Each structure stands twice: as structure tokens, then as C-alpha cells.
Amino acid sequence: MIVKVFSSTTIGVDSCAVEVEVDVSPGLPQFFTVGLPDVAVKESKDRIRAAIKNSGYGYPRHHITVNLAPADIRKEGTAFDLPIAVGLAATEGLIRPEFLADYLIMGELSLDGRVKGVQGVLPAAFLAREMAKKGVIVPDDNALEAAMVEGIEVIAVGNLADVVEFFRGAKVFVPLRVNAEELFQSELSHPFDFSEIKGQEQAKRALEIAAAGEHNVLMTGPPGSGKTMLAQRLPTILPEWSFPEAIETTKIYSVAGLLNREQMIVRTRPFRAPHHTISDAGLVGGGHTPKPGEISLAHHGVLFLDEFPEFKKNALEALRQPLENGVVTITRSSATATYPARFMLLAAMNPCPCGYHGDTQKACRCSTSQVRQYQSKISGPLLDRIDIHIEVPSLRYRDLTSRATAESSGEIRERVTRARTLQRSRFSGSNTLVNARMNERQIKKFCSIDEESHKLLEMAIDRLGMSARSFTRILKVARTIADLDGEQHIQARHIAEAIQYRNLDRRVI
């Protein structure tokens, strides 16, 4: 007898439908799983056998073959435990097979029959809706996550017996429903605010420009100058994000297994700050089984890399393609996965190994060659992809003790939001949303400049040795500065300010 149950597997951040075909035929009691299963799927036979017996049901004492179709896609994880067990229960006559076609089923089984949470439930719920299924059957731990998707029933189960009784009609489950948009719109307070930062007006101005145009930033300064404080407060001035953006990022967290009962949806823009010892795969994604990295977990948010030169060179160079394209593609012999990675890069570094090169308050102990070697850890092509370079100097005593009231994050966010609104209007009808993502054609159209601005740029390119990519970055930043000023055209003062934010291009050691 052959029984078909529907489940799914994850490829990148999307789910692919999997037909779990269970065949029980006369022969020696054996259990075979085909269809490119990984080790976790192959081991499921022992969990399933114990779960069925400990749930009080009979286990088929025949030849069992489980086919996971399509057979050319590798199946990974423990989410196939429950659909396989349900298929075996149907072969024993406990469930009428025709009822199984209406639901997509996922879940890991314990030996006692309990159903444990799994990864990738949110993309699976979207897939079930696309397939016009009646609903999904998922573990209790993942139920709220699946309920983010409207238009399908979400049946939350705690053990194998719940599923069997549900399909037999002996137990009624009320489909779980939540108002996802209402939950998303509930207020959240940030633990940080820009008003808490003393001094550093130029750095705060640069971060405001970065937030307005989604530009990448590199901060250079001695230890204790406030680089980390500034970084932590950048998300508080970013525009409020939309519900579709939140769902897109939540899918990544679902695939990575970072959602739980308390966090069913990522409600604020991500702020990821990995340690500099992180591996290449941990930063950009990958591994034997491709998984999203920190750059994807920072999608629509901020990736903060402190101690920038201390990161592995290979990991930093791997950032170049995602910074340009907004996606990262990981290719393995068994699969190719593409993850979204549209993030703001915010990096911080000391100017030298001791941290005090160029500081006016403390002498530097490093030689010229040490400073040059330390700064050269950041390659020119990577620096070119960072729009804004700023210096964050040490604070003086009068700055620390000043009682002057600084602008709050809310005030700055209002200006940033107005600038973003101008950009959305400007780029309507295209895939571009912010100035930092303009292509060459859009730069020519929206970044026209006058003769005075041309002279400033000529000086920057010819005398300071800036690259062609630096030239386009200056134009993009100048466009954002003009948007913050409410100006339709870029003025010479906007170009001059944008050039100031390329200090590492003009540094001479």
C-alpha cells in the first residue's frame, strides 16, 4: 500500500514541496529511505519506530520504503519525522489517506511521541498557501510562526497521537489565528538614543546621512571615543520598516532556527554585531549544508563589524559581492542557495595597532610601517564600496561634562524619513529604493551638478587620487545630503561635504 503525505524542504529562504511517499509491502522487516536524504533523515527511522510504539499504535512489520520526491533535491533536517510517521499510520488503517492531501505536515518526533519544533516553518506556511492547501500541521513551538501567514489553517500539535486523532475526527483542533499586522505595529521602545551621546557632532551628522541614503560607513578613531555607542544607536534613526520587510527578514530567521514562542516575527530592524573571530561561513553564509550568515541575518538592518581589520581577510573580501548586489549565492555540489543580504555595513577600526595614531591627547607607539601594514588589511576595493569614511576623535573633558541637550533619535529619524520619502518618489517604478543603490543610468539622471561642483570633483579625483568608484560614491552621498536639505539639485556645498567623508582615500601616512 502506498500513502502520500505532503511536506517541504528549505532551499535558501524559500520552501520546496516534498511528497513523502510511504510504501509497505510484504517482505523482511526493513526500512529504506530514498530521495537524497541526509544523515538526520536516515536516522529518523529509529525515532519514528519508537514514537509510534510509545504512542500506543502498531508498527508495520513489513518492508518499508519511503521516497522523498523530487529525488534530485537533497532533503535535510528532522522535519520529515512527523509526515513519515503519519504515512505509516495511514498504511495501518489508522488514517484515511485521502484526508492527507489537504495539509502540509512538518515536525520532529521524540521517542515518546512528542512533536518538537523545527526550522523553516514560516516559508513552509507560505508554500502551503501557494499550493492551495487547507492548512499546515506543525509543532506547538512553531504554531505562532506559521500563523503569520493568512489564508490557511494552522493546526498546532503536541504529539503524534494528536495528529492521528485529528485525521480520524476524534479530536477537534481550533485553527490558530493571530493578527500579524497588529502585532507588528505594537510599540517597541529602543534601549538607546542619540541624545545620550556627548559631542561627536560630525560623526552623528555622518550617520544621519548614512541612514537617509542607506550608505555604508567606516568609523576610525582611538579606543573609547564612542564608536560602539554610535553604532548601537544607528538603528534608532532608521525609518520604520514595513510589514513586508519584516516578513522577509523573519523568513531568514525562521530558516536559521532563531525564532521561538516569544519572537514569532522580527519587529525591529536587525542589528548584528559578530565577533572578529567569526569564520567566513558564519559571516557570509555557507557550510557543508548552506545556512544564512550574519550578513543575511542583518537583512534590512545594520551589520556592525567592530575591530574591522581583525576580521579574516577572506571573510572581508567575501563582503564585496553582497555589498554590490544585495544577495549572496552559496554553491555546493549538492545545492545552490541564494539568501537576501541588503544591509547597511557599519564598520569601526582603530587607526593603528595601539589605537592612538593621530590622536592629540595620547602618543602613538607604532612605527610608520606598522601603521601602514595595519591599515592595508582593508583592501582598496572594499574601501571603495564603503560610501562614508569618518574619524571619531577622542572627547575632551568639556564635551563629557557639557549639559547641552543633544537631538533625540526621534528628531533625527523624522529628517531621515522625509529624505527616504523623496527617494521612493524619485525611484518609483524601479527596483531602486535608496540613493546608495542607484545604478549608472540613475546617477546620470538624478546627480547632475554645476560647474563649481565639477571643479571640486576634479580636484578630488586628480589631486587626491580617488578611484572611479569613489567618484560615484561621492555623487550618491551628495544626492542624499541634498535630499536632507530638501534641495532638488545637488549644490557645491553638498559635493564638498561628501568629499570630506572619503578621508581614507586621501590619507597619507
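**Ring contacts**

Guide: The charged end of K133 lies over the ring of F6, 3.4 Å from its centre. Such a charge sits over a ring if NZ of Lys or CZ of Arg is within 6 Å of the ring centre and within 35 degrees of the ring normal. This is a predicted model, in which local features need pLDDT of at least 70 and side-chain atom pairs count only at pLDDT 80 or more, while totals for chains, interfaces and linings use all residues. Residues are numbered from 1 along each chain as its sequence is written, and side-chain values use heavy atoms, with hydrogens and water left out.

Visitor: The charged end of K251 sits over the ring of which residue?

Guide: The charged end of K251 is 5.4 Å from the ring centre in question. The ring belongs to F126.

Visitor: How many aromatic pairs are there?

Guide: Rings of Phe, Tyr and Trp (its six-membered ring) pair if their centres lie within 6.5 Å; planes under 30 degrees apart count as stacked, over 60 as edge-to-face and the rest as tilted. By this rule, the count of aromatic pairs is 6.

Visitor: What is the angle between the planes of Y103 and F166?

Guide: Y103 and F166 form an edge-to-face pair, 5.5 Å centre to centre. The pair links distant parts of the chain, with Y103 in strand β5 (residues 103-105) and F166 in helix α6 (residues 160-168), 63 residues apart. Helices (H or I, at least four residues) and strands (E, at least two) are DSSP runs, numbered from the N terminus. The angle between the planes of Y103 and F166 is 85°.

Visitor: Why is Y103 classed as buried?

Guide: Buried means under 20% relative accessible area, exposed over 50%, partly exposed in between (1.4 Å probe, protein chains only). Y103 is buried because its relative accessible area is 5%.
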